[in-house]
Amino acid sequence: MNPEVSSPGRLGLLSAAGIVVASMIGSGVFVTSGFLAKDLSPAAILVGWLMGGVLAACGALCYAAVAAAIPKSGGEYRYLHDLYHPYAGFLAGWISIVFGFAAPVAMAAMAAGAYAEVLVRPGLALPVAVFLVVALGLVQATGLRWGTLIQNAGVVLKVLTILLFLGGALFSGLVEPSRVLPPETFGRSLLSVPFAIGQIYIGFAYTGWSAAAYLASEVRDPVRTVPRAMFLGCSIVTIIYLLLNFVFVSTLSPAELLDAARSQTGSITLGHLVAVRVLGATGGWFASLMVFLVLVSTVCALSMTGPRICDAMARDGFLPAWARWQDGKLGGLGSVALVTGIAVVMLWTNTYEAMLSSVGVTMAIFGALSASCVLKLKAMTPTLWVALTVFLLGLGWSVAGSLYSNPMTIVWGLLTVGVATGFYRVVRRRQTILAPEA
């Protein structure tokens with residue numbers, strides 16, 4: 001058996017659940033409703049967020065069963081590698097590194113950069129985003145101790161910021177619940193392609209509920225703690241998301257929501273528009289500052305969990321030895337550099353909405369494959385059968401709608417799989433040649 005990451009057993013339930021919360025609450029919740037408002041009513045938007053929470057809970061239930069059987073770091077890579085085939089694990093690992101962590105790191109930093117422009121001056125978005133990715137990556141590379149302290153502080157800041165924002169909005173008198181009443185076309189909109197595509201976007205915002213599984217080897221009593229952390233974090237975030245989006249769609253008029261949705265920058269600063277409406281210009285500025293810090297916390301959390309996949313793959317020989325998490329002050333430099341390097345490239349070459357679509361579809365497909373690992377266990381219960389069925393049907397419907405709307409996603413997906421497959425064959429051939437010498 002390969003050795004695992006150093007420093008085992010340091011993370012308790014609250015720290016592990018904090019990683020889940022920090023990984024989930026990122027740029028998505030402050031962006032997605034702006035995009036959804038182009039085609040959906042406020043009532044449909046809220047139903048979409050509720051459905052996203054149900055699917056996340058079902059996925060967490062399946063992951064929890066697999067995590068209990070395989071209490072080791074690596075997440076999807078480890079599950080598919082151990083329960084299906086090394087190739088499946090390799091493919092899932094690369095997809096997780098690129099689409100599950102590097103892209104969300106870039107997206108959270110991109111959103112933080114957009115808030116920096118609102119707070120300071122135009123022209124700061126890209127420089128601020130690149131600085132955050134590199135600087136927070138270096139913090140995580142120093143080791144688990146500092147990364148955990150900063151991550152925990154970020155979670156506290158994140159939750160307090162959102163609670164203050166919600167409190168100010170809900171008691172401001174500006175919230176109009178009548179705006180979320182279902183229109184006559186409500187039923188049809190729930191079966192529409194835009195609603196299915198919206199579930200992909202919402203699913204991205206919920207991505208992170210499995211974050212504790214990536215650090216299972218570093219969690220105390222992982223068989224019990226990892227599943228509890230996923231459920232606790234997922235429950236907290238679902239409630240927060242529903243309240244936040246209720247505030248968004250009931251505070252801004254339909255015309256204002258559409259104005260926010262017309263441009264990428266407007267969608268990213270949706271939270272700022274609501275903050276200004278509720279708290280005035282000065283209060284809105286401070287609220288946006290807190291949202292900026294929330295997004296910084298997300299970059300920090302993702303920079304902490306993503307490199308663990310690199311470490312697991314390097315220990316299995318699917319990545320170079322420098323990608324392992326080593327002992328020492330900068331022991332995580334190699335694995336962190338891989339994730340943050342890809343994130344920086346994405347910052348320079350992609351828009352937010354383009355990444356949102358491709359990341360959402362890709363992670364939905366591989367999330368479904370990873371959840372299906374529960375079928376390889378001997379302890380399938382009726383609850384697990386129901387959870388897996390709901391999870392797969394929900395993701396299948398949303399992926400089908402997205403691919404129907406944007407067929408080019410299939411091309412990029414096949415290209416990614418093809419490149420990964422070629423690299424896998426090279427690695428396996430090299431392992432076969434070196435095996436007799438080892």
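Leaving out neighbours within four places in sequence, I find H81 in contact with P86, G89, D316 and F318, where contact means heavy atoms within 4.5 Å. This is a predicted model, in which local features need pLDDT of at least 70, side-chain atom pairs count only at pLDDT 80 or more, and totals for chains, interfaces and linings use all residues. Residues are numbered from 1 along each chain as its sequence is written, and side-chain values use heavy atoms, with hydrogens and water left out.

Is H81 buried or exposed? I note it as buried, because its relative accessibility is 18% (buried is under 20%, exposed over 50%, partly exposed in between, with a 1.4 Å probe and protein chains only). The H81 side chain also makes a polar contact with the side chain of D82, at 2.9 Å (N or O atoms within 3.5 Å, one able to donate a hydrogen and the other to accept it; residues adjacent in sequence count only if both atoms are side-chain atoms).

H81 sits in helix α4, residues 76–83 (helices are DSSP runs of H or I, at least four residues, numbered from the N terminus). Next I checked what α4 meets: Y63, V66 and A67 of α3 meet E76, Y79 and L83 of α4. By class I get 5 nonpolar, no polar and 1 charged residues in that contact (Ala, Val, Leu, Ile, Met, Phe, Trp, Tyr, Cys and Pro are nonpolar, Asp, Glu, Lys and Arg charged, the others, Gly among them, polar).

Last, I looked at α6: V128, L132 and Q140 are among its buried residues.

Methods:
Helix = DSSP H or I, 4+ residues; strand = E, 2+ residues; numbered from the N terminus.
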